Amino acid sequence: MNRKTARRARIKGGLTLALFFFVFVVPFVFIALQAVKNRQESSLLNFAWPSEWVFWQNFITVISARDYMLLLAYFNSIVITVGSVTLLVIFSAMVGYVLQRRKSRLNGFVMALVLAGLMIPPAVVPTIWVLQGIGLFKTIHGMILIQVAYGLSFSILLYRAFIATIPRDLDEAARIDGAKPWQIFFRVVLPLLKPVTVTNIVVQSIGIFNDFTNPLYYLPGRRNVTVQLTVFNFQSQFSTQYNLMFMNILLVTIPPLIVFIFFNRQIVAGMTAGAIKG
Amino acid sequence: MTGLKLAGVTKSFGAVDVIKGIDLKVEHGEFCVFVGPSGCGKSTLLRIIAGLEDVTDGTIEIGGRDVTWAEPSERGIAMVFQSYALYPHMTVRDNIGFGLSLARMPKAQIAAKVGAAAELLQLTPLLDRKPRALSGGQRQRVAIGRAIVRDPAVFLFDEPLSNLDAALRAQMRLELTDLHRKIGATMVYVTHDQVEAMTMADKIVVMNAGRIEQVGTPMELYDRPATVFVAGFIGSPRMNLIDGPAAAAMGAATYGIRPEHLSLSDDGGRWRARVRHIERLGADCIVYLDVDGPGAMMARVGGADPITIGQEVGVTPDPARECRFDAQGQAVR
Ligand SMILES: Nc1ncnc2c1ncn2[C@@H]1O[C@H](COP(=O)(O)OP(=O)(O)O)[C@@H](O)[C@H]1O
Ligand SMILES: [Mg+2]
């Protein structure tokens, strides 16, 4: 009986693993294979082993293409990611704190806005009008504000759930110790939010770094290119250099992948820590 | 100089009146204990004194100054929470010195004050640890240290010992009374445990349902409870309280006599009773009796008393120790 269930569990586990292998690993292997082939072989788009390895040559070509556009894209993407994640963390922790700690009549309304931010898809054209109106269209800082606005709801909800697990006694002890409200927040509460802050930083920065559509809409212009948009460099209506395109994909996929693998455990910890007492 | 004065303090949460009019004076240097069943509003009253809750009505004076609407940090109080509320990310040193650093005291002076408090509470070897690396008793002492460095006019304690085991609790009771003697500050201490109240207090305030039932020294409350509630709450094992016709026969709506003020005899006695159960505690023993007339009663007799279950005995109260209460539960003198 017991042995039977154990065997069934093992079979289930094996099947799941196989499924995930096909969904996640096979495409990655495919990308990596094409990236080291020469142009003719890669255009066949198959799993055949490359007859000659041209990794280094593809690598240099991709980096230096169109006046080192990939490096500029990396710079832009990093500026956008760091800027918007910093603002996201500070603002959403503050909003989450106030929402959780100060009960007022406005809370319900603010929560409705937060949830609306999560549920209602953003409208592109009106957003562009607004951006143009305030002179932020086609600017990096405009893009940063867009990313903050789009990510705020999710981060607020994560923080709010986590802050509920921090005893109110701590706030009160700090208040008796003479801390002003902003000192209570920055010196007592924020340091204790570290697990969920790590989660927020990792999840949001991967999302923003990997974002393709928003920079496409809101940040046109050669100087403003972000990493995901460099994929277009080797794709055109008539000919696509698959080996270079896949090398490009590889180069923009690996950094977030490393971050994700590295912080995997903390992400889950931060997500579930708030869930217990939320 | 008065340490603390409350006048007509009330508190309502929405439609619920939690504190229903408290007038109280605590003298400077007094150890005052608020005691009462849980939910009677002790913590709320303490938080009102601390300034963590606003009063609905009434005034609060600390050291002769009206602080009813002052910020907690400006009232000259320090509070020790039941959960200790230590900042988990700070070392013991930073926990104790946090308030001082917020007040922009020079570093050297902070170090000196923290060092002195740590010395007083035997925390010196632990100064660089984080709270999670401390035992319950040590955390308790850090919380007290954080209070001491503020040099408060009034210390507020909210059930500070309830998270400790029994042995440690007895030891901390002693340490707290020692500390009180050493620093001589006014202390207000909240507990639901009447043993803590009896053993530590200069003055006990018995609360029930948002009101003060009686204020007095431990022995005053023990000898002359003002109400049936106090009679039943103070003293362990609790006072025998009898009502109905048996009490009426003794000229009261409720008649009370403490177990230690009953004497047992083989024959005679005011009442006849049978022994139902005996708890032998060593030094003395508690005898559960079925008394003809009043009903179930407890008596405390010497530990060596050769009494047996089922035995028939005579029960006689010490007439000087009897308590009588009227129909409103007030003592009749
Ligand atoms: N913030 C609050 N909102 C509503 N009711 C409260 C609040 N705080 C306390 N109470 C109520 O006030 C009563 C007294 O609580 P408390 O002072 O904590 O009692 P005690 O400390 O004596 O056990 C309880 O019935 C509790 O439910
Ligand atoms: Mg309480």
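**View 1. Helices H4 and H6 of chain A cross at roughly 125°.** In this predicted model, the axes of helix H4 (residues 106-119) and helix H6 (residues 140-163) of chain A come within 8 Å. Angles from 65 to 115 degrees would count as roughly perpendicular, and those over 145 as roughly antiparallel. H4(A) and H6(A) are therefore oblique to each other. H4(A) contributes A:Met111, A:Val114, A:Leu115, A:Gly117 and A:Leu118 to the contact. From H6(A) come A:Ser153, A:Phe154, A:Ile156, A:Leu157 and A:Arg160. By class, the contact of H4(A) with H6(A) holds 7 nonpolar, 2 polar and 1 charged residues.

**View 2. Helix H3 of chain A meets helix H8 of chain A at roughly 100°.** The axes of H3(A) and H8(A) (residues 181-192) come within 12 Å. That angle makes H3(A) roughly perpendicular to H8(A). On the H3(A) side, the contact is made by A:Ala93, A:Met94 and A:Tyr97. On the H8(A) side stand A:Ile184, A:Phe185, A:Phe186, A:Val189 and A:Leu190. The contact of H3(A) with H8(A) has 8 nonpolar residues, no polar and no charged.

**View 3. A salt bridge joins A:Asp171 and A:Arg101.** Their side chains meet at 3.0 Å, N to O. A:Asp171 lies in helix H7 (residues 168-176) of chain A. A:Arg101 belongs to helix H3 (residues 55-101) of chain A. The pair therefore ties together parts that are 70 residues apart in sequence. Over all chains, a search of the whole structure finds 18 salt bridges.

**View 4. A:Leu45 has a positive phi.** The angle is about 50°, although A:Leu45 is not a glycine. Most residues other than glycine have a negative phi. A:Leu45 sits in the loop between helix H2 (39-43) and H3 of chain A.

**View 5. Helices H4 and H5 of chain B pack at an angle of about 20°.** Helix H4 of chain B spans residues 136-148, and helix H5 of chain B spans residues 166-183. Their axes are 11 Å apart. Angles under 35 degrees count as roughly parallel. H4(B) and H5(B) are therefore roughly parallel to each other. Their crossing is right-handed. In H4(B), the residues in contact are B:Gly137, B:Gln140, B:Arg141, B:Ile144 and B:Ile148. They meet B:Leu168, B:Met172, B:Glu175, B:Leu176, B:Leu179 and B:Ile183 in H5(B). The contact of H4(B) with H5(B) has 7 nonpolar, 2 polar and 2 charged residues.

**View 6. Chain B holds an open sheet of 5 strands.** The strand order is E13-E17-E14-E15-E16, and the pairing is antiparallel. Strand E13 (262-265) and strand E16 (295-302) of chain B are the edge strands. Each of these edge strands pairs on one side only. From one strand to the next, the twist averages 45°. Strands of a sheet pair through backbone hydrogen bonds. Strand E15 (residues 284-291) of chain B and E16(B) are antiparallel and pair over 8 bridges. Within this view, B:Cys285 has B:Val301 in E16(B) as its bridge partner.

**View 7. An open sheet of 3 strands in chain B has the order E11-E12-E18.** Its pairing is antiparallel. E11(B) is joined to strand E12 (residues 254-257) of chain B by 4 bridges, and the two run antiparallel. B:Ile242 stands opposite B:Tyr255 in E12(B).

**View 8. A cis peptide bond joins B:Ser236 and B:Pro237.** Omega is about -5° at this bond. Most peptide bonds are trans. B:Pro237 lies in the loop between helix H8 (228-233) and E11 of chain B.

Conventions: Residues numbered from 1 in each chain as written. Chains lettered and ligands numbered in written order. Predicted model: local features only at pLDDT ≥ 70, side-chain atom pairs only at ≥ 80, totals over all residues. Heavy atoms only, no water. Pairing = 2+ DSSP bridges. Axes fitted to C-alpha atoms, helices over the stretch in contact; angles between N-to-C directions. Left-handed = near helix turned anticlockwise from the far one by under 90°. Contact = heavy atoms within 4.5 Å. Nonpolar A, V, L, I, M, F, W, Y, C, P; charged D, E, K, R; others polar. Salt bridge = Lys/Arg side-chain N within 4 Å of Asp/Glu carboxyl O.
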